[in-house]
Amino acid sequence: MTDVTRQLDAHYDALAAGGGESLSDRLQAAFREAGLDPGRLTLDEIAGIDQLHLGGRGASRSLARLGEVRAGQRVLDVGCGTGGAARLLADEFGCEVVGVDITAAFIAAAEWLSAATGLAGRTRFLCADAARTPLPDGSFDLVWCQHALMNMPDVPAVLAEWRRLLAPGGRVLLHEVVAGDNPEPLALPVPWARSEATSHLRPREALEAGLAAAGFVPVCVRDVTEEALAWRRKHGRREAGAAPARQLPGPALIFGAEFIEMGRNLAGNLAAGKVRILEGSWGLAD
């Protein structure tokens, strides 16, 4: 296990690292407490733990529309987390998806959730370093990545791996957190880091230069910071409000009691221009 893996496990599976139950056991128990069968769930019921990025399912649908995702395409979901985007692409767009994440607890949860929602046949998951996967050359039509590069210290190696894995005519679809123009330190913790050790934010210009150096050309790139901030504020008010009668599992079961503070800090960092959110599509250079 590398230092990066240990750091990310300590962040994304902090409750288990502190001696608690595994992530999957904890979430399954929460579904039982909500009166649901953890072996048979709907995508709506798991929405609170399904996609751990700004904008939730709406942001994933927006990125899929931007990238003109089509049925039958082979998609690699990099930094897949609990597998929500992979399931959405399989269910709503008819794709065949492989999710990759370095955090073993996320892969175990993703496999269980795909089986519980009847999508195991169109999604599969692999615990691996995104810079070094055991997957064959040219095996994907799309590389999909939402809020994951900011946890990866060696982005050039990751982008080179994407280039290797894409088939001719393939595209990269990216929804990513980048450093803003405000150079002040981030308010921490945030959903992707409790300290600067696991936060590898880059300015938009550096990320785009890295993509170009790796052989990718922009098709359409948009700054969606304002939409992301509005979504975060809306969900922050909901998280701080009274709990509904039937409490479905949410991000706090993954991140712990700090999740409310993480969301608040993220909104503040967005509003202060310390971070920005990009949505974009890149193709392979000739």
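In the predicted model, helix 6 (residues 84–93) is largely enclosed by the rest of the structure, because 8 of its 10 residues are buried. These buried positions are Gly84, Ala85, Ala86, Arg87, Leu88, Leu89, Ala90 and Phe93. Glycine 94, with a positive phi near 70°, follows helix 6.

The strands of the model include an open sheet of 7 strands with mixed pairing, in the order 3-2-1-4-5-7-6. Strand 3 and strand 6 (216–223) are the edge strands, each pairing on one side only. From one strand to the next, the twist averages 20°. Strand 1 (residues 74–78) pairs with strand 2 in the parallel sense through 5 bridges, and arginine 74 has glutamate 96 of strand 2 as its bridge partner. Helix 9 (residues 204–213) packs on the sheet and touches strand 5 (166–179), strand 6 and strand 7. The direction of helix 9 makes about 165° with that of strand 5. Helix 10 also packs on the sheet, where it touches strand 6 and strand 7; the angle between the directions of helix 10 and strand 7 is about 130°.

Strand 2 (residues 96–101) and strand 3 (residues 123–127) run parallel and are joined by 5 bridges. Within this pair, aspartate 101 stands opposite cysteine 127 of strand 3. Together with helix 7 (residues 104–116), strand 2 and strand 3 make a right-handed β-α-β unit.

The largest nonpolar core holds 37 residues, of which Leu41, Trp112 and Trp192 touch the most other members. Two or more residues of this core come from each of helix 1 (3–12), helix 3 (23–33), helix 7, helix 10 (225–240), helix 11 (252–255), helix 12 (259–271) and strand 7 (275–284). Helix 7 provides the largest share of this core, with 6 residues. A second, separate core consists of 30 residues, among them Ala130, Phe140, Leu166 and Val178.

Beyond its neighbours within four places in sequence, tryptophan 192 is in contact with His11, Tyr12, Met150, Asn151, Val177, Leu186, Thr198, Ser199, Leu201, Leu266 and Val275. One of these contacts, threonine 198, lies in the loop between strand 5 and helix 9. Threonine 198 counts as buried because its relative accessibility is 6%, under the 20% cut-off. Apart from residues up to four places away in sequence, threonine 198 touches Gln7, Leu8, Met150, Asn151, Trp192 and Ala193.

The disulfide count for the model is 0. As to accessibility, cysteine 127 is partly exposed, with a relative accessible area of 41%, whereas cysteine 145 is buried, with a relative accessible area of 0%.

Note on methods:
Residues are numbered from 1 along each chain as its sequence is written. This is a predicted model: local features need pLDDT of at least 70, side-chain atom pairs count only at pLDDT 80 or more; totals for chains, interfaces and linings use all residues. Side-chain values use heavy atoms; hydrogens and water are left out. Two strands pair if DSSP finds at least two bridges between them. Helices (H or I, at least four residues) and strands (E, at least two) are DSSP runs, numbered from the N terminus. A crossover is right-handed if, with the strands pointing away from the viewer, the path from the first strand over the helix to the second runs clockwise. A nonpolar core is a set of buried Ala, Val, Leu, Ile, Met, Phe, Trp, Tyr and Cys residues joined through side-chain atoms within 4.5 Å. Buried means under 20% relative accessible area, exposed over 50%, partly exposed in between (1.4 Å probe, protein chains only). Contact means heavy atoms within 4.5 Å. Axes are lines fitted to C-alpha atoms, for helices over the stretch in contact, and angles run from 0 to 180 degrees between N-to-C directions. A disulfide is a pair of cysteine sulfur atoms within 2.5 Å.
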